[in-house]
Amino acid sequence: MSPFGSPLSIDESTSLSGATILQEVKSQPHNYVIDALFDDPWTNAFRQALIPYGYVKVRTVRLVGLVLSVFCLRKHVVHLRDMESRVTRTGLMGFWVYGCSLCFVNSHFAAHDHLLKERISDYNTILNSQGFSFSETTSILFHDYVFWFGDFNFRLNSSDSLKSPNIDQQVKTGNLSSLLEQDQLKAVMVSGEAFSELKESDINFPPTYKYKFQSNDYDLGRRPAWTDRILYKVNANVYENITLEAEQESYSSIQNFSVSDHKPVVALFSVKVFCNYAERVVKFLPIQSWYTNQENVAHCIMGSDVTPSPYDWVGIYRDDFTSLDEYYGFIYVMRNNGDSGGNGIPGLQIHCSVLGMSSSFELKVRDREASAHLDW
């Protein structure tokens, strides 16, 4: 397993959503079968770790060995709109929350020192070929906030003075600034060849690759480099009377993680969204109790800006659900003409919005024999 990045806050007073990305996850055929039924073990481990903080997994996107999972605090779930998952030699997810659009991109570029041109090509291929269906965010960079992370594989420029032992020695003496002057990613950002539209905070951690397993020592068969990065972009002036902003509060690697030849990187951002923003809201009328072994009814009121879809559905969840995939049952919303809605499994559609959630209610067990004598 290779690195993960996480724009994630655990402070419930300010936190909203977060993403974890995994790379080089096992991708044998049996893994796909298992992952189709259950979360992959790494995603499940993240989910279990975030349960005490009230986070819910809203979606996971997988492409071969790349896994992107997005989490959201339960209290914010009903503000998620137009979640759209796409893949183009990478894993992507775009969505709206509190009136602002966010895009998470997980990428793995060409490896090896001499393939700089291929890495530049990988970036531009993804940027130019990846599209989304919503008119406001047809391109990755059209989103209000973009977080692009992964194993970009950019290395240090080759020279006689930057052999593996020399790099290792400069890292040990804390001379990171001179090494970063030779960083390929920073160079192509300046030249405009790749990632020039995005920003990266200052790097104050050692190169993240290549380590010996179960060790903090470099495998000097490869030149150490900052292959694993988290970049971001803010389209600050797209709305009237408000300036969007993202404040990066931290950017670091996790040195005590030693089950990979990479060190994971993690970043924490605070972003500005609209306060008390409401759009396409569905409100459920109070539900007193439901009973097993009989038909139950829930009533909801759709906002005037809600456009009905044949794929609208209502799911039944435990009060302490930890994933939007954890529904116990579902039904497609019935139409006025009596026809049922769409077919298939909820959540597998490309687009998904959470328009409303009822208050908790009790599901009671009614005795089958007693209910048989009731006059309905």
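Mentor: A contact means heavy atoms within 4.5 Å. This is a predicted model, where local features need pLDDT of at least 70, side-chain atom pairs count only at pLDDT 80 or more, and totals for chains, interfaces and linings use all residues. Residues are numbered from 1 along each chain as its sequence is written, and side-chain values use heavy atoms, with hydrogens and water left out.

Trainee: What share of the contacts with a separation of 6 or more joins residues 24 or more positions apart?

Mentor: Take the protein chain's contacts with a separation of 6 or more. Count those between residues 24 or more positions apart. Their share is 65%.

Trainee: Which residues have the most contacts inside the largest nonpolar core?

Mentor: Such a core is a set of buried Ala, Val, Leu, Ile, Met, Phe, Trp, Tyr and Cys residues joined through side-chain atoms within 4.5 Å. Buried means under 20% relative accessible area (1.4 Å probe, protein chains only). The largest core has 44 residues. Those with the most contacts inside it are M83, F95 and F104.

Trainee: Which residues does the second, separate core include?

Mentor: This core has 22 residues. Among them are F132, W148, F152 and L185.

Trainee: Which side chain makes a polar contact with the side chain of D144?

Mentor: D144 is buried and has no salt bridge (a side-chain nitrogen of Lys or Arg within 4 Å of a carboxyl oxygen of Asp or Glu). The nearest side chain of opposite charge, K233, is 10 Å away. A polar contact needs N or O atoms within 3.5 Å, one able to donate a hydrogen and the other to accept it. At 2.6 Å, the partner is Y239.

Definitions and conventions. Buried < 20%, exposed > 50% of the residue type's maximum accessible area, 1.4 Å probe, protein only. Lys, Arg positive; Asp, Glu negative; His and termini not counted.
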